[in-house]
Amino acid sequence: MNTQPVSRGMFDDVMVPNYAPASIIPVRGEGSRVWDQDGRDYVDFAGGIAVTSLGHAHPGLVGALTDQAQRIWHLSNVMTNEPALRLAKTLCDLTFAERVFFANSGAEANEAAFKLARRWGWENHGPEKHEIVAFRNSFHGRTLFTVSVGGQPKYLEGFEPAPGGIHHADFNDLASVEALVSERTCAIVVEPIQGEGGVMPAAPGFLQGLRDLADKHQALLIFDEVQSGVGRTGYLYAYEHYGVTPDILTSAKGLGGGFPVAAMLTTAAVAKSLGFGTHGSTYGGNPLACAVAQKVIDTVSQPAVLKGVKHRSELLRKGMMAIGKKYGIFEEVRGEGLLLGCVLTEAMHGRAKDFVGAGMEEGVLVLVAGGNVVRLAPSLIIPESDIDEGLERFDRAVARVVGQAG
Ligand SMILES: *Cc1c(COP(=O)(O)O)cnc(C)c1O
């Protein structure tokens, strides 16, 4: 085993500089706590950006992974495998879906969804039916197609020419969508709750409005639930909360609880357009990944776990609102379930990341969503005692930031 000592300082010598990681390096995790190289502990309100849905080193997930590791790791899509078939069946049983495609990341699941929508339009209506309507401030991943559909131009800067035929409307503004949708539209793509864009939930009626527009123009409706899915809102998928069913749904992040895996769910009719040979992925549907995801879905879909998300959400929301009030820093705490965005007051605009740094100093991990929102996405089963401890630590972190500001 390679035991060469490593430190944060090495990052700049050996890694591409596209990230700017924190000064600490966590080495171990258990439940909603992680420990760094010096043995300091942190309460994890970040969940690896909505990924570690059942916390760190969950015994059930460790068991599923090690059990599968001793059977078979990888085959190829020349053959199918038992964990992939079981997981696909489970996802079909628990959702609107009738067909599943597996991938390894959110971007890849979305890439599959967008390619499927194009191919569906081409096959059923002709090549002119290829336009995609998406939203400003949305995020769908970092491949060239997904940053092009995403509504944050800074992620595309310097990478053009981008794929064409993509239009951006304003989130929660149906009129702006109506102006862009036509018979040329093959799909409308939306996050039911914009995650990276600031934890912005769809307004009542907005998603139904998109459903109606898609139906009127014979376009597909795609929900990107990479962040909002897998129990995060207290529903297995957020579309259930909104009561609006898409034609395609993408899932990743929380699906593997920290193991890379993603899925694109769709109907049997739409799935037909990804016929044999049209699309693929070496690792998609890998037995290890699917065995872990199976355990995640079996656990998260239990009514007690989903109910627990709503309860924990109330505790965390109340605690953050109280801190916000005490220091006068939050305009509101928005979001659903355990995807919460604490919106900074105007005086604090641009300072969201200061809370991440101060949080680390005080032993609590939080996230940002843009410059003005502190985002929380902890484990769906975070112990209440860790919520309390994390809130106490965050209170001290805020005192630091506000002290510096004064
Ligand atoms: C994180 C995220 C993605 C991208 O997922 P990756 O696994 O990083 O490729 C796509 N869509 C949404 C909504 C996300 O939050």
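Strand β4 supplies four residues to the lining of the second largest pocket, the largest share from any element. The model described here is a predicted one.

**The pocket**

The volume of the second largest pocket is about 760 Å³. Elements giving two or more residues to its lining are α4 (82-94), β4 (99-103) and β12 (262-266). In total, 32 residues line this pocket, and those nearest its centre are Asn77, Val100, Phe101, Phe102 and Gly284. By residue class, the lining of the second largest pocket holds 15 nonpolar residues, 16 polar residues and one charged residue.

**The two domains**

The domain assignment of the protein chain gives two parts: domain 1 covers 8-57 + 303-405, and domain 2 covers 72-300. Between the C-alpha centres of domain 1 and domain 2 the distance is 27 Å. Contacts across the boundary involve 26 residues of domain 1 and 23 residues of domain 2. The area buried between domain 1 and domain 2 is about 2,100 Å², with 61% of it on carbon and sulfur atoms. On the domain 1 side, the residues that lose the most area to domain 2 are Leu306, Glu336 and Leu339, which together make up 27% of what that side buries.

Helix α8 spans residues 206-216, and its buried residues are Phe206, Leu207, Gly209, Leu210, Arg211, Leu213 and Ala214. These buried residues of α8 pack against β5 (131-135), α7 (174-178), β7 (185-190), β10 (220-224) and α9 (238-242). Just after α8 comes glutamine 218, with a positive phi of about 50°.

Helix α13 spans residues 352-362, where Ala352, Phe355, Val356, Ala358, Gly359, Met360 and Glu362 are buried. Just after α13, a positive phi of about 90° is found at glycine 363.

| Residue | Relative accessibility | Class |
|---|---|---|
| Serine 273 | 1% | buried |
| Aspartate 388 | 46% | partly exposed |
| Alanine 304 | 61% | exposed |

Serine 273 sits in the loop between α10 (268-271) and α11 (287-300). This serine counts as buried because its relative accessibility is 1%, and buried means under 20%. Leaving aside residues up to four places away in sequence, serine 273 touches Leu116, Arg119, Trp120, Glu123, Asn124 and Thr278.

Aspartate 388 belongs to helix α14, which runs over residues 384-405. Its relative accessibility of 46% makes it partly exposed, because that class lies between the limits of 20% and 50%. Along the chain, aspartate 388 is 345 residues from valine 43, while their C-alpha atoms are separated by 9.8 Å.

Alanine 304 is part of helix α12, residues 303-327. Because its relative accessible area is 61% and exposed means over 50%, alanine 304 counts as exposed. Alanine 304 is 261 residues from valine 43 in sequence, and the C-alpha to C-alpha distance between these two is 23 Å.

Terms used:
Residues are numbered from 1 along each chain as its sequence is written. This is a predicted model: local features need pLDDT of at least 70, side-chain atom pairs count only at pLDDT 80 or more; totals for chains, interfaces and linings use all residues. Side-chain values use heavy atoms; hydrogens and water are left out. Buried means under 20% relative accessible area, exposed over 50%, partly exposed in between (1.4 Å probe, protein chains only). On a 1 Å grid over the protein atoms alone, a cavity is a set of points where a 1.4 Å probe fits but cannot get out, and a pocket is an open set with protein on both sides within 12 Å along at least five of seven lines; lining residues have an atom within 4 Å of a point. Grid points are joined across faces, edges and corners, and a volume is the space filled by probe spheres set on the points. Ala, Val, Leu, Ile, Met, Phe, Trp, Tyr, Cys and Pro count as nonpolar, Asp, Glu, Lys and Arg as charged, and the others, Gly among them, as polar. Domain bounds come from an automatic or database domain assignment. Contact means heavy atoms within 4.5 Å. Buried area is the accessible area (1.4 Å probe) that two parts lose on being put together, summed over both.
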